[in-house]
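Subject: Structure handover

Hi,

Here is the structure for you to look at. Please open it next to this email.

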Amino acid sequence: MPGTEPARGEHRGPGEEPPAATGFAGRLRALIAANPVSSWDLWTKPRRMVAFLLAWDAIAVALLTFGVVASPSPDLVDWGRFAILAGCATVHIQLTRRQEERRRNRVTAVHIDLTGIWVFPAALLLPIPLTLLLIALLRVQRWFNSRRPPHKFVFTSFTHAVSALLAHHLYQTFASAELARLSPANSLQVFGILMLVGFSYAALQAIVIGGLLALGGTSAPTLRNVLGTKDDNLLELSTISLGTIATILLVNIPPAIVILVLITVLGNRLAEINQLQSEARTDPKTGIFNVRGWSESAERALARAARGGETLALLMIDLDHFKWINDTYGHPAGDDVLRTVAQTLDEITRPKDIIGRFGGEEFLILLPDVDSTAAKVTAERIRTAIADQRIVTTDKRGGSALITGRTASIGVALLGVNGTTLEQLLQAADAAVYTAKEGGRNQVRFADANLPSE
């Protein structure tokens, strides 16, 4: 690779490019050479995040060392099961390599790796050394696909390994004997125990990786970005469920586990499709609905309210003097402000309220089941929360900066009073925002009930 020293025995003339790395070993050496420890992105992260990561890595090494030392030696059955899992997992990884690359490149925070389908049964059935060998085999293949920073790769690998160690000991304590004598009489009990073990396996990963993200692993440490969305957690539950099925098949009908390879390949493609659908409705800067996603959800809520004769309010929130932030601190700081405002709106509204970014510095919130009084209270609470924000960001030169005292002008439109369609409510709320700005900004104004709604 250009910029690397030639290996012993290699010769090249002046200006001649070194040969490209070939084979697994060559690609591995090239990746290591391109990512020396001193250049790791880790050292640019917050100190608390670095301390957490290094402490966890050290704890993981100690736990895994103890697990290997205390583990019995593998027998022929263990090696046979290892070969089946390694073969199925490798086929799965190679057949879904392109989809996995695209999924990882689009994810900003939590990513669910479907190879847990193969790691989970290994954790339950194999001695610890073989489980760690399988994890290493899968993680190395994933490294070439994901091309993530080394510190993230090592941290995640250790987390998977410690989760497998926990699952192994829970299984040996509570389920090993039951699975060995599996019958219709105890099948429900065995499946329930295996699912609880799987939950523990997934929960440890969620807690540890979520902790790292909360300490600085994501620019917007919301609950959604730290612990994953509902779809992320459903996908994780599906992975554990399939891993449980793989465990039962591996014990009772080993050849049938091949069927799961087809299911996992299909699962990867469905996960990518679901991700694409979600991204088409999500604003990439803030993680909340974009105009399309918000409009679709708002239309459904509006139809429900109309059918049931319920009240409903629409809030349009326009950040005051937002251009000044971009001009003074730079566009990255402006993006930090937008993310922080979106996070604040998510925290102080109800789960059924529908939040979206309208574009630029404008946000929309649809409030089902609220009258004018409740809408006023909510709007004032939002206005106060935005004014109280202290946003840590960077200036144009990359130095630290603190943005405070930002305000917002909020327009409110009510269903029935200002219109009966979403378009009419948007027009009324927009007019109310302009009234708020003309009146001095940093205030809440209701739309004029006498405005025409055509």
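Below is what came out of it, from the cores to the salt bridges.

First, the ground rules. This is a predicted model, in which local features need pLDDT of at least 70, side-chain atom pairs count only at pLDDT 80 or more, and totals for chains, interfaces and linings use all residues. Residues are numbered from 1 along each chain as its sequence is written, and side-chain values use heavy atoms, with hydrogens and water left out.

Nonpolar cores

A nonpolar core here is a set of buried Ala, Val, Leu, Ile, Met, Phe, Trp, Tyr and Cys residues joined through side-chain atoms within 4.5 Å. Buried means under 20% relative accessible area, exposed means over 50%, and partly exposed lies in between (1.4 Å probe, protein chains only).

The largest core has 53 residues. Leu85, Trp118, Leu124 and Ile257 touch the most other members. Helices and strands are DSSP runs, numbered from the N terminus (helices: H or I, at least four residues; strands: E, at least two). The elements giving two or more residues to this core include α2 (47–70), α3 (76–95), α5 (116–125) and α12 (258–280).

Look at Trp118. Contact means heavy atoms within 4.5 Å. Not counting residues up to four places away in sequence, Trp118 touches Leu85, Cys88, Ala89, His92, Leu134, Ile257, Leu260, Val261 and Thr264.

A second, separate core has 31 residues. Phe322, Ile325, Tyr329 and Ala379 are among them.

Phe158

Phe158 sits in helix α7 (residues 150–174). Phe158 is partly exposed, at 22% relative accessibility. Leaving aside neighbours within four places in sequence, Phe158 contacts Trp56, Asp57, Ala60, Val61 and Leu64.

Helix packing

Helix α13 (residues 291–308) packs against helix α17 (residues 422–438) at about 110 degrees, with the axes 10 Å apart. Axes are lines fitted to C-alpha atoms, for helices over the stretch in contact, and angles run from 0 to 180 degrees between N-to-C directions. The two helices, α13 and α17, are therefore roughly perpendicular (65 to 115 degrees; under 35 is roughly parallel, over 145 roughly antiparallel, the rest oblique). On the α13 side, the contact uses Trp294, Ser295, Ala298, Glu299 and Leu302. On the α17 side, Leu422, Leu425 and Leu426 take part.

Salt bridges

A salt bridge is a side-chain nitrogen of Lys or Arg within 4 Å of a carboxyl oxygen of Asp or Glu. By this rule there are 12.

- Asp320 and Arg441 pair at 4.0 Å, N to O. The two are 121 residues apart: Asp320 lies in the loop between β1 (312–319) and α14 (322–329), Arg441 in the loop between α17 and β7 (444–446). Asp320 is buried, at 1% relative accessible area. Arg441 is partly exposed, at 30%.
- Asp353 and Arg350 pair with closest N and O atoms 2.6 Å apart. Asp353 is buried, at 9% relative accessibility. Arg350 is partly exposed, at 29%.
- Glu380 and Lys376 pair at 3.3 Å between the closest N and O atoms. Both lie in helix α16 (residues 372–387), four residues apart, about one turn of the helix. Glu380 is partly exposed at 23%, and Lys376 is partly exposed at 32%.

Asp318, Asp320, Lys437 and Arg441 also form a network of salt bridges.

Best wishes
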